[in-house]
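Visitor: I have a structure to look at, and I would like to learn how to read it. Where shall we begin?

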Amino acid sequence: MAARLLDAGGGPMLVDDDGIVVKAHAIAYATAQRFAAPVPAPRHSDVLDATRRGVACPQLPSRLDFVNGPIADSLAKSENCQVLSVTAPHDAQGLPVMVWFHGGAYMSGSGEAPKYDPDALVTEGRVVVVTVSYRLGIFGYLNFAGGEANLGLRDQILALRWTRQHIAAFGGDPSRVTIFGQSAGGDSVLSLILSSHTAGLFNRAILQSAPLGLRTGRQAMTAAMRDAVTAALADAAPGEATVEQLLDAQTAAVTTAQRFGLLGGFPFAPIAGLDPLPPAADESRVLADAAGRVEILVGYTRNDADAFVAMDPRGQRLARLGLPGRAAARLLGGVLTRRIFGGPALELAKFWTSNGGAAATFRVDWSPPGAPLRACHCIELPLLFGTPQCWADAPMLGPEPDPIDTELARKVRGYWAAFAHHGVAALGEGAARPFSLR
């Protein structure tokens, strides 16, 4: 790509421009001290080199590497990870904006990862895409020792404010913003809808495989995780501990969370009732009000829970029992998919429409021939982002040399972009019955 200077509101920056798309990486949207609330990044006067990928939050290897392959392993790690990237058509002017929040159980991933490059979505869909990195795990989602709460969520809110203020310089329309995310990113989308701090920052939202069935009943687990972190750090002050010590303490917290059953598989998440979220008892009222202002597209994959059964020791024991055990594991995967992903997604859409909102639902049924986990969690990501080469190391895609269905990928990107342009009306489907992607 050639490079050119662009003044994007925050100051001059060097961006990549190949005549098809403009790409700007690693734009700082906020700064923060450890365990402190973020503040908007100051305007820079020197030229910012936005041609190189930014950093990811410090993290341990993802537990879903056996599904996706590595996501953020190639990126440098830093606590100063409040960066975003923008990809836009070369000739963009007044286009809808889509802001992506990555998944990874609030413990891994980064919007800077090559697997989340949105070039095809941008060029085919005529949209501007912003990919966001934010604080994870112990750094962003477990307040302890008097620290601030929900820091990763607060980072995300400042990324949306940056988008409103500066996206017009890239040809985006700040009055037409769709937020979208998968897994923890989809859960983030719901938290952003719930927050009073996001009024006017977006008007559409896409939730992909959000574990909505694991949002409640977390208080005792979170308290036990805080105690585990305090014990693991021993005499090390949280503000002075090394990154390695903090990640070791995070591991202790995750181990403690496993005692709490299904919830322990999703140990970190925004905490209801702490700024900027309302108390859990008020969530229904807040969402009912939001339904009149935000259109949603919400869905899941047919076998969303299969990967989590496969990583669980009980699921592994079933797999060793041969064909009957594998059949039992698949049945269990179906039950958990409905409980954690599918049922809550459909209920959310029904709630939305019953409160006067516009909602559509989807289910991803596609998987390549020989895919070991069928239409599992994350299976739609290669249809939206990256290149086939980026996803060549993803075990979930199975043994086929060219596993990605390019026609379906174009169709999925078309659905997502149509929603960003025109909302639910563009999809021609309602909330009562999910449309299938296969």
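Guide: Start with one residue. Asp 306 touches Gly 333, Leu 373 and Arg 374, leaving aside residues up to four places away in sequence. Contact here means heavy atoms within 4.5 Å.

Visitor: What should I know about the model itself?

Guide: It is predicted: local features need pLDDT of at least 70, side-chain atom pairs count only at pLDDT 80 or more, and totals for chains, interfaces and linings use all residues. Residues are numbered from 1 along each chain as its sequence is written, and side-chain values use heavy atoms, without hydrogens and water.

Visitor: Is Asp 306 buried or exposed?

Guide: Buried means under 20% relative accessible area, exposed over 50%, partly exposed in between (1.4 Å probe, protein chains only). Asp 306 has 9%, so it is buried.

Visitor: Which side chain makes a polar contact with the side chain of Asp 306?

Guide: That of Arg 374, at 2.9 Å. A polar contact is a pair of N or O atoms within 3.5 Å; within protein, one must be able to donate a hydrogen and the other to accept it, and residues adjacent in sequence count only if both atoms are side-chain atoms.

Visitor: How do I read a nonpolar core?

Guide: In soluble globular proteins, nonpolar side chains tend to be buried together. A nonpolar core is a set of buried Ala, Val, Leu, Ile, Met, Phe, Trp, Tyr and Cys residues joined through side-chain atoms within 4.5 Å. The largest here has 93 residues; Phe 170, Ile 193 and Trp 352 touch the most other members. A second, separate core has 46 residues, including Val 21 and Phe 385.
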